[in-house]
Amino acid sequence: MLIVNDLSVFYGKIKVVHNINFTIEEGSCVALLGPNGAGKTSTISSILGTVNSTGTVNFCNQDISKIQTEDRIKLGISIAPEGRRVFSNLSVFENLYLGSAIRKDRAIADNEIENWFNIFPILKERKDQSAGTLSGGEQQMLTIARALMGNPKILLLDEPSLGLAPMITKQVFELIETLKTKGITILLVEQNATEALKLADYSYILNSGNIVAHGNRSEILKKGDLMSSLTGVEN
Amino acid sequence: MKPFFKKISIPIFASFLAFPVYADTIKVGFPVPLTGEYAPYAEIQGAKCMAEIINNKGGVNGKKFELLVQDTGTDTQTAISLTEKFLDQGVVAIGTIPFSDTMIPVAQIAAGYGVTILQAQSTQVEMHTGIVDNFISNVSPDPFTAAAAAEYALSEGVKNVVLLTSDDGGSWSAKTPLWFGEVIENGGGKVLSKMNFSIPTSDWSPQIAEMKKLSSSPDAVYISSIMPDVGVLVRQMKAAGIDAWVFGSDGLDDPSLDSVADSDKSILDKVAFGTLAPSQPGSAMQEFQAECKALGMPVDGMFPALGADVIMALAYAVEKTGGTDPVAIREALRSADSIPVRTVESVSFKNNKSHAERTVPVIGFKNGVRVLLSNAIPRFVPNWK
Amino acid sequence: MNIFQSSKSFKQAFWGATLLSVVIASIGVFVIFFGERYHLRLVYAAYVNLLVVLGLQVFMGNTNITNLSHSAFMGLGAYIAAICVTPIQIKKLSLPDAPWGLNAFELDALSSALISLTLTGFLAFLTGLVIVRLSGIGATIVTIAILVIVHSIFMHRTDIFKGKQAFFGIPQVFDLSSIIMISIFVIFVARFFRESKWGIQLRASSDDEKSADAMGVNIFKLRLVAWTLGGLILALSGICYAYYLGTISARPFYFSHVFLTLAMLILGGMRSITGAVIGTILITFGLEGVRFMETGPTILGLKFPEMLGLSGIALGAVIVIIMVVRNGGLVGNFEIEQLFIKTRKNI
Amino acid sequence: MIDYVVQQSLNALSFGAEYALIALGLAIVFSIMGLVNFAHGEVIAIGGYCMMVMAAIAFRNPIVIIIGAIFASVIMAVFLERIAFRPVRYADATTGLLTAFGVSLILQNLFLLLVSPRPIAVTSMYFLDWPIKLGSIRISSLQIFETVATLLAILFLVLFLKRSFLGIAMRAASLDFEMVRLMGIRANRVIATAFAISGLLAGIAAIFIIARRGAVDPTLGFNPVLKAFVACVVGGFGSLTGAVLGGFLLGALEVGMLVILPQSYGGMKDAFVFAVIAIILVWRPEGILSPQKEKGDKI
């Protein structure tokens, strides 16, 4: 469904991602793991088209590497970004409302909002409260819900557990599990490799802008030394 | 070496080719404000038109007028360098930005060449205090226009006046109202209050509220300012129910004042201004403007029209002296009893040397149309030197 | 040379300034020997503007904060020197109501200039205390406030400044050769400041305030130094203006001059002294050409239409095009000596 | 005396309304793309010139002229965004500010070149102005229209920003522009809308300015925008409430200075107003309503 081919990312003249390739099958959950500064978020950004990159990104048999960010979103790519980035002065409802921007049919979208309120009763309770007043976990839920409002074909999750208490982290991963069972294709970027590996069908390990390993959970775990040094995962 | 420099400097100072040197022309330099703050005061349209008219008739003693015109953007430095340039090209007179901060240095430089600063429209009093000798203004200084307006006001029974002053237009807007007040007081009237304003002002309501607070209501307000500000004042005073005259100086002599009466013909009935030349329908100035329009050289407004007088005065002096020596021309101007010009019948510089002795018209409105209320040399002019 | 981080930056500054001085001096000398009289005026005015642009560069170029008050400081310099140096007889005539005995003393040109520099520098320092604490748009608006306030005072304390009327009778002290020497001096000052420890730290801090903070750079102090130095150079430009023209008024020290000199700085590139010089030269000569076109000349038998306002359009277009196409100006961080000597990558 | 106080307070209100109207136009653009649009004054002027042209080709219907002028301002604002401000959209505030200065310079001189450096009479809006008697005080209908129009504009703007999709997107964009793009909302559309609204506000301002002045000249908009810019900064740049507050504050300050200052200092009004502004900025560098490090969206 998503094929990344020979992708490099540049900040000015500095190359931060070096000619990487990876593929995400429809309905699968793929994890992109690695330490801080490995180039994970840069990779996501280049899929979204918000940074300068070379190489191609193919989505649903269409080369999207030359088109505008907004058009990529419209094709069905959705992002729950790192640091959550909720619109803090907008209400919870308005945040979700903007999430449904690409929906043609408003009635369905409104229905969807209701739907999500049922899944997260806490969001419903705080519907008219401004998003900035929510707790970190609630904001993360809101971010994911917002990203799903557009009924995406693929969901990019950038560090969903960052800065959350262990209890909340658990809830977030449970939510991702639920999404998986609903058949949503997911690209998960995480530093918390232990949990991510559990969830993912296939994983890529990035270091200094290069893919240094890939495979399913067991294959990755075999490369114990590398894993422990890069991600802290113990055998 | 010099010709070499000229050759290579063409692309840089691109200005040499522009003024081919004819030995037999009367060159007049105009480093004037065609753009910028003082663009409305440029006399150049009328000067060009008059030069064309004279040249079409064969010039003066066979010599044709050649006007060297360049824009200064209302910048003194530029005016000065252009003055030097024109002086080197042998002009007989210079007309420049009509404000003393430019006219003084320009006159000082021109003095070295014996060239006169001949202004079509400059009314500022500073130029007549003897700072420079080679300055001549073709019009009467501000105290005269103020006095003429005041004399008319007194004849209309005006007693109590409010003066609006501002430093933004130099002495023209700061002192002219005071001179008006002096003549009014001399005639038995009273200055109720002096108020301050800035140029531009597009809402006079605070000042008008002050006027309404005065113990007795004013018969007249005097302001030396420009359009469209004055038009706003007239309308807002009327709206506020203040039934007083609005008197002003030459700044009101702008065609756009007439349009204030577009929707209410009577609104200008109590507006009058002492100005530099009669501009009502049928006046010499309007005839001149019509003539220029026919020539395809439209001249809109009084300041642009006044340029004609300067050219005519120069033509007179050239004819008198039979040459183009700038000093001789100045002498000829200053010794003539009467020099025929276009906007009024004649002017004379014999008594005053640095400014014209001419009648000062007061223009008012009837039914939204300009009328000449009076046109005389004022009897009492405040001491201004 | 402990104001420099290394002898290399000193050398760079020295050679750069020397090369620019040669360029600047040769233009002046060429005009003195071969130019018409009015060219002298024109070029003198250009030198005054060069001083203004350099004064502007010292603050704007090193801190990246837009300053719009420079013409006000130039005006202060001009007026203070003029008040001191103008002979008593003339002041009795032109400033009859001046308070504090301002019309009852006169000084020689040098003392007047020094007083003007001291007072303007002090005022720059005082305003600087406010400016350096603000950033971005806030700082810019305060510079506008300074411009408006100073202009307002010039305009309305007519007993001292004469407002829009002429303050005349200032003796002519300078000629073209004096201002060439002053320009060279200022080029050296500006260039040395740019390459000094302070200049380098300032530019680093304007790129990244946080990291400069972490490096222990006291941005406030450095900005204050740059602001005050800029103010002094601007005062000097005002003195040069008054000492040649002989007549000043409040009018030239306002928005139109602000935009003109700003365009000069931006065109060349405000980060470098070379850029400031190049921008001044290009706009000065360019505007002459455009002004000439404005009045509808006849060139090679072709009559061009009158196009008033063309110079304003050209100036605006220069600003917009530079901002859109080449944000750093024509030369960016480049300095002239890099043509000849290899240098480390400039900050 | 009471009359006098009431009268001057009403004057301050209508002064403030004009500044607020213009300041809102500046703030809405600033809050979204961080651009200080100094060319806003020329957007106002184009409204005036449009009225001039329509009067010249004998359009008499005031409604048509009003709509035409507003339309011209909107088109101009959107057009400027497209050709001049889009290329500097992601540049720093200084670049944007200088670009806007350049655009303003070009437009002023274009008006001068194409029309005239002199004021041209435009009297087609005079009908908005007639005296109204309220007890013993007389005010101009224009003051009421202007104040009411400003309040209505603020009300509609609040409704638009609260209720409409684009309005919500604009509020979001003022917080996190990139995130809005990542919702699949066209950045160009959001920004163009912001400029269109600022043009709309400029057009309304143009109507009142012309109704009062009865003439248009190239620098028509420069002074009001300079004041409005100050109002914005004082209120807290990018804050719409701040712009309105700043506008009314400035109006009060200006009328207050005229009333309080002795006549001999009357000319120094601007100096005092700007000095107060500078003091406010020293006290609160980000403006009165802008808390540190957070911009925009205070409605």
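D:E254 is buried, with a relative accessible area of 3%, where buried means under 20% relative accessible area, exposed over 50%, and partly exposed in between (1.4 Å probe, protein chains only). Its salt-bridge partner is D:K227, with the side chains meeting at 3.3 Å, N to O; a salt bridge is a side-chain nitrogen of Lys or Arg within 4 Å of a carboxyl oxygen of Asp or Glu. This is a predicted model, in which local features need pLDDT of at least 70 and side-chain atom pairs count only at pLDDT 80 or more, while totals for chains, interfaces and linings use all residues. Residues are numbered from 1 along each chain as its sequence is written, chains are lettered from A and ligands numbered from 1 in the order in which they are written, and side-chain values use heavy atoms, with hydrogens and water left out.

**Salt bridges within chains**

- D:K227 also counts as buried, at 13% relative accessibility.
- Helices (H or I, at least four residues) and strands (E, at least two) are DSSP runs, numbered from the N terminus.
- In chain C, salt bridges that share partners join C:R191, C:R194, C:E195, C:R203 and C:E335 into one network.
- In chain B, B:D309 forms a salt bridge with B:R358, and the closest N and O atoms are 3.5 Å apart.
- This pair too links distant parts of its chain, with B:D309 in helix 12 (residues 302-321) of chain B and B:R358 in the loop between strand 12 (346-347) and strand 13 (360-366) of chain B, 49 residues apart.
- B:D309 and B:R358 are both buried.
- Over all chains, a search of the whole structure finds 42 salt bridges.

**Chain D as a whole**

- Chain D contains 11 helices and 4 strands.
- The radius of gyration of chain D is 19 Å, which agrees with the value near 19 Å for a compact globule of 299 residues; this radius is taken over C-alpha atoms, and the globule rule is 2.2 Å times the number of residues to the power 0.38.
- The C-alpha trace of chain D spans about 60 × 50 × 35 Å along its principal axes.
- Of the 299 residues of chain D, 65% count as buried.
- Among contacts in chain D with a separation of 6 or more, 75% come from residues 24 or more positions apart; contact means heavy atoms within 4.5 Å.

**The interface between chains C and B**

- Chain C gives 33 residues to the contact and chain B gives 43 residues.
- About 3,900 Å² is buried between chain C and chain B, with carbon and sulfur atoms giving 59% of that area. Buried area is the accessible area (1.4 Å probe) that two parts lose on being put together, summed over both.
- On the chain C side, C:Y38, C:K164 and C:R251 lose the most area to chain B, together 18% of what that side buries.
- There are 5 salt bridges between chain C and chain B.
- One joins the side chains of C:R41 and B:E84 (2.8 Å, N to O).
- The side chains of B:E37 and C:K164 also meet in a salt bridge (2.4 Å, N to O).
- This pair crosses between chains, from B:E37 in the loop between strand 1 (25-32) and helix 2 (44-56) of chain B to C:K164 in the loop between helix 7 (158-161) and helix 8 (176-195) of chain C.
- B:E37 is partly exposed, with a relative accessible area of 44%, whereas C:K164 is buried, with a relative accessible area of 8%.
- Between chain C and chain B, 14 residue pairs are in polar contact (both at pLDDT 80 or more). A polar contact is a pair of N or O atoms within 3.5 Å; within protein, one must be able to donate a hydrogen and the other to accept it, and residues adjacent in sequence count only if both atoms are side-chain atoms.
- Helix 2 of chain C supplies the largest share of the side of chain C that touches chain B, namely 6 residues.

**The surroundings of B:S224**

- B:S224 lies in the loop between strand 8 (220-223) and helix 9 (229-239) of chain B and counts as buried, at 0% relative accessibility.
- A polar atom of the B:S224 side chain is 2.9 Å from the backbone oxygen of B:W172.
- The side chains of B:S224 and B:S249 make a polar contact (2.6 Å).
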